Amino acid sequence: MATKIDQHGNDNCLWSTRVMESGKHRMSLKLIRGEGNGYLSHLFGLVCDGAAWEKCHADGESTDAWYMGSDGALYGNGKDCDDKAGKIEEGQIVSMEADLDKGTLRFWVDGKPHGPGWSSGVTGRLRWAVCLFYKGGAVQIVPTPELQRAQ
């Protein structure tokens, strides 16, 4: 489990230690609310190995990350609150699947497809990452549920 312990703001990036360059990889997270009017404000996805930890990388000009936010929108690498798939609630399980041979990143919520994700361009030396906005906000790594495939 990772918990934000300092002030509010998306000026952080916590990433996994394992670097991925090829193959298919999955990660699932349970989202936990922090302080701040009861809102979830989380970003989760992939960052480039070597991306600064003290930055969020979620603006459209960033080429260092591919994120979905708890608002269900995509951020980074040409996206800035785009392709909204619907809000994600506290306690729901978000699953991510990166196919680095195909250059894709897909998202599921509670095992059901959630938005378009990225259908190309997800390449490089990458790590799983999260950004948390509110103090006390957290993510817990959980087992990946059975994932439904889009029709």
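Which residue in the turn of the β9–β10 hairpin has a positive phi? The residue is Asp-110, whose phi is about 50°, in a hairpin with two residues between the strands. The views below place this turn in its surroundings.

The model is predicted, so local features are reported only at pLDDT of at least 70 and side-chain atom pairs only at pLDDT 80 or more, while totals for chains, interfaces and linings use all residues. Residues are numbered from 1 along each chain as its sequence is written, and side-chain values use heavy atoms, without hydrogens or water.

**View 1. Overall fold of the protein chain.**
The protein chain contains twelve strands and zero helices, where helices (H or I) are DSSP runs of at least four residues and strands (E) are DSSP runs of at least two, numbered from the N terminus. Along the sequence the pattern reads β-β-β-β-β-β-β-β-β-β-β-β. The radius of gyration is 14 Å, close to the 15 Å given by the globule rule for 151 residues, so the chain is as compact as a globular protein of that length. This radius is taken over C-alpha atoms, and the globule rule is 2.2 Å times the number of residues to the power 0.38. Along the principal axes, the C-alpha atoms fill a box of roughly 40 × 30 × 25 Å.

Of the 151 residues, 48% count as buried; buried means under 20% relative accessible area, exposed means over 50%, and partly exposed lies in between (1.4 Å probe, protein chains only). The chain exposes about 7400 Å², of which carbon and sulfur atoms supply 47%; the areas come from the Shrake-Rupley method with a 1.4 Å probe. Among contacts (heavy atoms within 4.5 Å) with a separation of 6 or more, residues 24 or more positions apart account for 66%. The mean positions of the 17 positive and 20 negative charges are 5 Å apart. Lys and Arg count as positive and Asp and Glu as negative, with His and the chain ends not counted; each charge is placed at NZ of Lys, CZ of Arg, CG of Asp or CD of Glu.

Six strands, in the order β1-β12-β3-β8-β9-β10, form an open sheet with antiparallel pairing. Strands β1 (2–3) and β10 (112–113) stand at the edges with a single partner strand each, so one side of each is left without a neighbour in the sheet. Two strands are taken to pair if DSSP finds at least two bridges between them.

Strands β8 (residues 93–99) and β9 (residues 104–109) run antiparallel and are joined by six bridges. Val-94 has Val-109 in β9 as its bridge partner, and Asp-99 stands opposite Thr-104 in β9. The hairpin has four residues between its strands, and Gly-103 takes a positive phi near 80°. Five of the six residues of β9 are buried, so this strand is largely enclosed by the rest of the structure.

Strands β9 and β10 pair in the antiparallel sense over two bridges. Trp-108 has Pro-113 in β10 as its bridge partner. Asp-110 is found in the loop between β9 and β10 and counts as partly exposed, at 42% relative accessibility. Its phi, near 50°, is a positive value in a residue other than glycine.

**View 2. Asp-83 in the loop between β7 and β8.**
Asp-83 lies in the loop that runs between β7 (79–82) and β8. The phi of Asp-83 is positive, about 55°, although the residue is not a glycine. Its relative accessible area is 34%, and Asp-83 is therefore partly exposed.

**View 3. Arg-127 in strand β11.**
Arg-127 is found in strand β11 (residues 126–132) and is buried, with a relative accessible area of 14%. Beyond its neighbours within four places in sequence, Arg-127 is in contact with residues including Trp-15, Arg-18, Met-20, Leu-46 and Asp-49. Leu-14 is 113 residues away from Arg-127 in sequence, yet their C-alpha atoms are 9.6 Å apart.

**View 4. Thr-123 in the loop between β10 and β11.**
Thr-123 is found in the loop between β10 and β11 and counts as partly exposed at 48% relative accessibility. Leaving aside neighbours within four places in sequence, Thr-123 is in contact with Trp-66 and Gly-103. The C-alpha atoms of Thr-123 and Met-20 are separated by 9.5 Å, with the two residues 103 apart along the chain.
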